[in-house]
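Please read the points below with the structure open beside you. They are ordered so that each chain is taken as a whole before its parts are considered.

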Amino acid sequence: MKNFASVSVLLATLALLAGCPSKKADVPPPAPAPTTDTSGVEDPNATMGDTDASMGPSGELLSKRIVYFDLDRADIRADSASVVAAHAAYLAKNPNQKVRLEGHADERGSREYNIGLGERRGQSVRRALALQGVAETQLSTVSYGEERPAAAGSDEMAYAANRRVEIVYLK
Amino acid sequence: MNERMKKLATVLSMALLLTGIGAATPAWAQLRLTITQGVNDPIPIAIVPFSRAVPADGGLDVAQVIQRDLESTGRFKAMAREDMVFKPTASADIDAAGWKQQRVDYVAVGRVTSLADGQVRIDAELVNVLTGQRVAGPNVTTAASNLRNAAHRIADALFEKIIGIRGAFATRIAYVSVDGKPPKQTYELYVADADGANRVKILASPLPIMSPAWSTDGEWLAYVSFERRVSAVYVQHRRTGKKSMVSARAGINGAPTFSPDDKKLALTLSGSNGNLDVYLLELASGKLTRLTDDPAIDTEAVFTPDGTGIYFTSDRSGNPQIYRMTLGSSERPKRVTFTGSYNARPRLSPDGKQLALVTLDNGAYRIGVQDLANGTVTMLSKGRQEESPSFAPNGAMLIFGGRERGQGVLQTVSVDGQVSARLDADAGEVREPVWGPFLP
């Protein structure tokens, strides 16, 4: 089963590679074939091993890793600009350091649309970092939409805590 | 330790293991159905206990399964068994006049028998008490292990005879179950009978699972899983568990739905630049075709029942609205929703004439159904935060995700809004229900 799953993933990836050369400009390229077994439940540590909370720089601004957003907005608020600028300066000075920008939305509305909103916020932080000298190769984004709330509850406080981008320093 | 003792020790530890599992499993996300609103004048019916086939029936109370199915629609009121003076099992033994005095309109009776080949058979008969006529006599033969499903099929036939619409009791739902408090939660994908029974775990993960979708033949599920920390779309066989990752491109891989012929998926990809658009993925070849091309969020595509077009959510006008496009046409997508500032997650009725959606109604996210011929929107739910509507394959009901005391629950509602019910989980929260197709 394990081998079968890896083979079928490989075949699917090959098929994708073979199937769309003429569409290259139109279609996002496939991600590298995964090395993990996809036939069952994965060990969380296997996939989360690229980060932990203690990673990355410290300092008054640099230890702040969360950028918050207003309702239905993806623009960086004035109160977060200094945090983003501090990370930009650090990353520009440390070109081998990579970060993942994890975008989130509050729980209201449709889940897949919220994945889109979370991605918009991640991209907004990515652009801000890139504009301040961080190389694109240092930056990646993922959107979890409303699927991984930081705070429970259905009130304005929880919503505000959940509309966020987390800057995650990678090994 | 001698051989015999070793064997005993193995058996004992196995038994302990099994008890452990048995104690842990039922507590989580068992679904319990409650009618929250029924019709004003439900049809009175008596479902008399069926004669049994011991031990082939495994102790299943077939009449009770049928009764719960019919009552779950809010359109029937079943007579209590203790009020039944006689308990016939064949229509010939029904004293219509006597039942009429007890104010029931219909009596259903039946028999479960075991056949020589190891199968079991249910014979049911429906008598209209007012006329004294036997109006239906459905029967189903099946493997003994499938008796519950057979009982649902009998309920389907009785429902159709009385109401005029095929019942959707012998169908399945899929849903996502979440346990734990943020930020530490675990996610599971389940398939269960439409009444919440017989649930089977399809997948578990410490990272989000979302957007389950049924194949048209009911054999496969597509879903999004973040088990690799980033999103990927998977297709998994319901029975064998065989799972393939069909899209793991850079950026978002989301919102999969099957084409009516099950050969393609519509899905959402963003690429690394974060622009969500809708694509078509041929499952056999892996060939990918871009369907939408707009800097806005385009997502949540669903095929029309004839497979010639899709409906999808886009915020190209500034806020999310539903659009329709014809596949293989160069025409621009046409906007179809004009009521309110937020319409998302479209799903079509089986006849393609109605669109279920999530709509912002007086500050609350509710389930609406839009008549595609005249644009009229009917609100079907009353909560504040409802999502993921999905039609039953008979088009008479919808299932969707709602909230009760801050927890996600599954809710059903009839398309006329008259009847609603809730499927609560014992623990944790349940969400994103999708109603599967009729089974062959």
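The numbered points that follow concern a predicted model.

1. Chain B as a whole. The secondary structure of chain B comes to 4 helices and 31 strands, and its C-alpha atoms fill a box of roughly 75 × 70 × 40 Å when this is taken along the principal axes. A compact globule of 440 residues would have a radius of gyration near 22 Å, and the value of 24 Å for chain B agrees with that expectation. Of the 440 residues in chain B, 48% are buried. If we take the contacts in chain B between residues at least 6 apart in sequence, 45% of them join residues at least 24 apart.

2. The two domains of chain B. Domain 1 of chain B covers residues 32-163, while domain 2 covers residues 172-435, and the C-alpha centres of these two domains lie 35 Å apart. Their contact takes 16 residues from domain 1 of chain B and 12 residues from domain 2 of chain B. On the side of domain 1 that touches domain 2, the elements giving two or more residues are strand S1 (31-37), helix H2 (62-72) and helix H4 (147-163) of chain B. Which of these elements gives the most to that side? The answer is S1(B), with 6 residues. Sorted by class, this side of domain 1 of chain B has 3 nonpolar, 8 polar and 5 charged residues.

3. The nonpolar cores. The largest nonpolar core has 127 residues, and the members that touch the most other members are B:Ile66, B:Val107, B:Ala108, B:Ile154, B:Leu158 and B:Leu398. H4(B) gives the most to this core, with 9 residues. Leaving aside its neighbours within four places in sequence, B:Leu158 is in contact with several residues, including B:Ile66, B:Leu70, B:Ala108 and B:Pro138. As general background, nonpolar side chains in soluble globular proteins tend to be buried together.

4. B:Asp179 is placed in strand S8 (residues 172-179) of chain B. Is B:Asp179 buried or partly exposed? B:Asp179 has 16 other C-beta atoms within 10 Å, and because a residue needs 20 or more to be buried and 12 or fewer to be exposed, B:Asp179 is partly exposed.

5. Chain A as a whole. Chain A has 5 helices and 4 strands, and from the N terminus on its elements run α-α-β-α-β-α-β-α-β. Of the 171 residues of chain A, 36% count as buried. Among the contacts in chain A with a separation of 6 or more, 71% are between residues 24 or more positions apart.

6. Helix H4 of chain A. Helix H4 (residues 111-131) of chain A has 21 residues, which at 1.5 Å a residue should span 30 Å, and because its end C-alpha atoms are 30 Å apart, the model agrees with this expectation. H4(A) is mostly covered, with 18 of its 21 residues buried. H4(A) is followed by A:Gly133, whose phi is positive, near 100°.

Notes: Residues are numbered from 1 along each chain as its sequence is written. Chains are lettered from A and ligands numbered from 1 in the order in which they are written. This is a predicted model: local features need pLDDT of at least 70, side-chain atom pairs count only at pLDDT 80 or more; totals for chains, interfaces and linings use all residues. The expected span of a helix is 1.5 Å times one less than its number of residues. Domain bounds come from an automatic or database domain assignment. Two residues are in contact if their C-beta atoms, placed from the backbone, lie within 7 Å. Ala, Val, Leu, Ile, Met, Phe, Trp, Tyr, Cys and Pro count as nonpolar, Asp, Glu, Lys and Arg as charged, and the others, Gly among them, as polar. A nonpolar core is a set of buried Ala, Val, Leu, Ile, Met, Phe, Trp, Tyr and Cys residues joined through C-beta atoms within 7 Å. The radius of gyration is taken over C-alpha atoms; the globule rule is 2.2 Å times the number of residues to the power 0.38.
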